[in-house]
Amino acid sequence: MLIEETVTAWLGEKFTEESFKECFIIEVKYHAHRLEIYLDSDGRLDLDMCSQISRWLAHKIEEANMIDEHYTIEVSSSGLDRPLKLMRQYFKNIGRAVDIHMKDGRKLEGILTEVKPDMIIIKQEIIEKEGKKKVKKSLDTIILLEDIQKTFIQIKF
């Protein structure tokens, strides 16, 4: 069994524990003596939780004698610089500003308002001319998931 598959199975077990039940895996990669694990959570996921998971995994790997060579483990939250990958992340971020890169090259921004199995809906602010005045309006935009290349959460201050 590949290292990634074993670690994914182990994390599935870990996430049945009360303290970690809201956590889920975004990505597990092992390359160049480095095990990278990106997680997310429906609730809280802080540095202490990532450290606990890292120590627990190091112990499991050592116990199973899975990796013979020197390696490092990096457990972190998926972060704002990484695109959303799972539907669960879209649901978690309803109400937040998103930056969507479309497969056709367009870039859309708005507030994620709704998530459906095959689409998302964002509320966009647009400016239209009415006579000599410019008027701000809200527009609900439906975006098919199959048309999205990447979606990022925006931080607004």
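Q: Which residues is V28 in contact with, leaving aside its neighbours within four places in sequence?
A: In this predicted model, V28 has its place in strand β1, and at 14% relative accessibility V28 counts as buried, because buried means under 20%. Leaving aside neighbours within four places in sequence, the residues in contact with V28 are E4, V7, T8, L11, L35, E36 and I37.

Q: How many Å apart in space are V28 and P117, C-alpha to C-alpha?
A: V28 belongs to strand β1, and V28 and P117 are 89 residues apart in sequence. From C-alpha to C-alpha, the two residues are separated in space by 24 Å.

Q: Which residues is L35 in contact with, leaving aside its neighbours within four places in sequence?
A: L35 is one of the residues with the most contacts inside the largest nonpolar core, and L35 is also among the residues that V28 touches. Once neighbours within four places in sequence are left aside, the contacts of L35 are I3, V7, V28, K29, Y30, I61, T72, I73 and E74.

Q: Which element gives the most residues to the largest nonpolar core?
A: The largest nonpolar core has 21 residues, and those with the most contacts inside it are V7, L11, L35, I37, L39, I53 and L57. At least two residues of this core come from each of α1 (3-14), β1, β2 and α2. With 5 residues, the element that gives the most to this core is α2.

Q: How many residues has the other core, which lies apart from the largest one?
A: The largest nonpolar core has 21 residues. Apart from it lies another core, whose members include L84, L108, I120 and I148, and the number of residues in this other core is 14.

Q: Is L84 buried or exposed?
A: L84 is found in the loop between β3 and α3, and, not counting residues up to four places away in sequence, L84 touches Q89, Y90, N93, T151 and I153. Its relative accessible area is 12%, and because this value is under the 20% cut-off, L84 is classed as buried.

Q: How many Å separate the C-alpha atoms of L84 and I153?
A: I153 is among the residues that L84 touches when those up to four places away in sequence are not counted. Along the chain L84 and I153 are 69 residues apart, while the separation of their C-alpha atoms is 7.9 Å.

Q: Which residues are the closest to the centre of the largest pocket?
A: The largest pocket has a volume of about 210 Å³, and 16 residues line it. The elements that give two or more residues to this lining are β2 and α3 (87-92). Among the lining residues, the closest to the centre of the pocket are D40, S78, G79, L80 and K92.

Q: Which residues does S78 touch, not counting residues up to four places away in sequence?
A: S78 lies in the loop between β3 and α3, and S78 counts as buried because its relative accessibility is 8%, which is under 20%. Not counting residues up to four places away in sequence, S78 touches I26, Y38, L39, D40 and Q89.

Q: What is the phi of H33, in degrees?
A: H33 lies in the loop between β1 (23-31) and β2 (34-41), and H33 is partly exposed, with a relative accessible area of 42%. Most residues other than glycine have a negative phi. H33, a residue other than glycine, has a positive value instead, near 65 degrees.

Q: Is N65 buried or exposed?
A: N65 is found in the loop between α2 (47-64) and β3 (72-77), and N65 has a positive phi of about 50 degrees although it is not a glycine. Its relative accessible area is 56%, and because this value is over 50%, N65 counts as exposed.

Methods
Residues are numbered from 1 along each chain as its sequence is written. This is a predicted model: local features need pLDDT of at least 70, side-chain atom pairs count only at pLDDT 80 or more; totals for chains, interfaces and linings use all residues. Side-chain values use heavy atoms; hydrogens and water are left out. Helices (H or I, at least four residues) and strands (E, at least two) are DSSP runs, numbered from the N terminus. Buried means under 20% relative accessible area, exposed over 50%, partly exposed in between (1.4 Å probe, protein chains only). A nonpolar core is a set of buried Ala, Val, Leu, Ile, Met, Phe, Trp, Tyr and Cys residues joined through side-chain atoms within 4.5 Å. Contact means heavy atoms within 4.5 Å. On a 1 Å grid over the protein atoms alone, a cavity is a set of points where a 1.4 Å probe fits but cannot get out, and a pocket is an open set with protein on both sides within 12 Å along at least five of seven lines; lining residues have an atom within 4 Å of a point. Grid points are joined across faces, edges and corners, and a volume is the space filled by probe spheres set on the points.
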